[in-house]
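Let's walk through this model together, one feature at a time. Have the sequence and the 3D view open as we go.

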Amino acid sequence: MNTRNRDHPSTDHLHVCILFETIDAPWGGGNQFLTALASELSGLGHTVTRRPARDTQVVLLNAFNRGANKRLDPSQIARLRRTGAMTRLGAAIAARLGTRPAWGRPALVHRVDGVPELARGHRTDADDIQPAVNRLTDCTVFQSEYCRTTFAEHCGYSPAHSTVIHNGVDPRLFYPSDEVRPANGAALCLVASSWSPNPRKGFDILSELSKLPGVELTFAGNWCPEIDPANVKLAGVLQSHELADLMRSSHAMVHAGLNEACSNSILEAMACGLPVIYRDSGGNRELAGEFGVPITGDLPGVIEGLRRQLPDLRRELLENSDRFFIERAAKEYVSAFREAIVVRNGTREGQ
């Protein structure tokens, strides 16, 4: 677990607004990641708010939404860029009082969540909102190289200033078990999770895996009603600590989603020491390729291959655990924030 001393935060701190209303309940990977990021940034000594304030230096925008079932409004982001305020009234007051001079407008950083149409299988307003917001920002954070490549292909441009930062998870919740269940001669306990019931999350593969002898598969989240769960044990929607406990009681994780940019579920599982049976799609191999086995048409062969490699894969996971935690991600975000401030300071005139 993370035992870093938080009693001596850096004096070179930032004032960051994470423009996303997180909730203390399961609601997708973005909510979980931004909750962990806000906590980690605060622990590092930075000031974190949900709304832009007078001393805000950086605003982090999330994909196409600003909370559970709440979309970003590109016109508001354009106003924020021009005036430092979200609303017309706020902009007018700031202009009258001089509380947001031109040199004080915050830098805007955009965390891009892949191409929604590719993950969902159909186009929605999210596919228009995300690039519209992105064109207004100073720096872009892509969650994976796959995310960066597909964004450029589908949106027709690449942001001038961008970086790739994989997500990270809270090590106070997601950490390895001290005791590992033996897998030889026993049932192989697999776990899978998804907030979304979209069929493209790979529910058909989970169902087929559950039919194999010697396999016990438990699913946490919202199961797709169109797919027969077969022998899958449905645990329902779990709180983060409950999901972490379930992962630690399992041998490996299955992630069969299509075209996902950077699955938090994969990172949560790997932080708990679980190798991943992954679908070679989207950013899955980028995250789990060193620590798992890809799904093929020979599911029994996949399971047997995993059994043979379990000890070595778990050892690799434990040796590289820092790669999955929020501390690493937060430090990389701070670097992106500082770069965005430099970019913003160089593009004041005429904006």
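Q: Is helix α9 (residues 264-271) largely enclosed by the rest of the structure or exposed, and why?

A: First, a word on the model: it is predicted, so local features need pLDDT of at least 70 and side-chain atom pairs count only at pLDDT 80 or more, while totals for chains, interfaces and linings use all residues. Residues are numbered from 1 along each chain as its sequence is written, and side-chain values use heavy atoms, with hydrogens and water left out. Helices (H or I, at least four residues) and strands (E, at least two) are DSSP runs, numbered from the N terminus. Buried means under 20% relative accessible area, exposed over 50%, and partly exposed in between (1.4 Å probe, protein chains only). For α9, eight of the eight residues are buried, so the helix is largely enclosed by the rest of the structure. Among them are Asn264, Ile266, Glu268 and Met270.

Q: What is found at the start of α9, and what just after it?

A: At the start, a side-chain oxygen of serine 263 comes to within 3.2 Å of the backbone nitrogen of serine 265. Just after the helix, glycine 273 has a positive phi of about 85°.

Q: Which strands does α9 lie across?

A: Axes are lines fitted to C-alpha atoms, for helices over the stretch in contact, and angles run from 0 to 180 degrees between N-to-C directions. Contact means heavy atoms within 4.5 Å. Here α9 lies across β9, β12 and β13 (276-278), running at about 170° to β12.

Q: What is the strand order in the sheet that holds β9 and β12?

A: Two strands pair if DSSP finds at least two bridges between them. This open sheet of six strands reads β11-β10-β9-β12-β13-β14, with parallel pairing. Its edge strands, β11 (233-236) and β14 (292-294), each pair on one side only. Within the sheet, two bridges join β9 to β12, and leucine 190 stands opposite alanine 252 in β12.

Q: In what order do the strands β2, β1, β3, β6, β7 and β8 form an open sheet?

A: The order is β2-β1-β3-β6-β7-β8, and the pairing is parallel. β2 (47-49) and β8 (162-164) stand at the edges with a single partner strand each, so one side of each has no neighbour in the sheet. From one strand to the next, the twist averages 20°. Helix α1 (residues 28-43) packs on this sheet, touching β1, β2, β3 and β6, and its direction makes about 165° with that of β1. Helix α12 (residues 326-345) lies across β1, β3, β6, β7 and β8.

Q: How many residues has the largest nonpolar core?

A: In soluble globular proteins, nonpolar side chains tend to be buried together. A nonpolar core is a set of buried Ala, Val, Leu, Ile, Met, Phe, Trp, Tyr and Cys residues joined through side-chain atoms within 4.5 Å. The largest has 27 residues; Ile18, Leu37 and Phe337 are among those with the most contacts inside it. α12 gives the most to this core, with nine residues. Beyond its neighbours within four places in sequence, phenylalanine 337 contacts Leu14, Val16, Leu41, Val58, Leu60 and Val109.

Q: Is asparagine 167 buried or exposed?

A: Asparagine 167 is buried, with a relative accessible area of 1%. Its place is in the loop between β8 and β9. A polar contact is a pair of N or O atoms within 3.5 Å; within protein, one must be able to donate a hydrogen and the other to accept it, and residues adjacent in sequence count only if both atoms are side-chain atoms. The side chain of asparagine 167 makes one with the side chain of asparagine 264 (3.1 Å).
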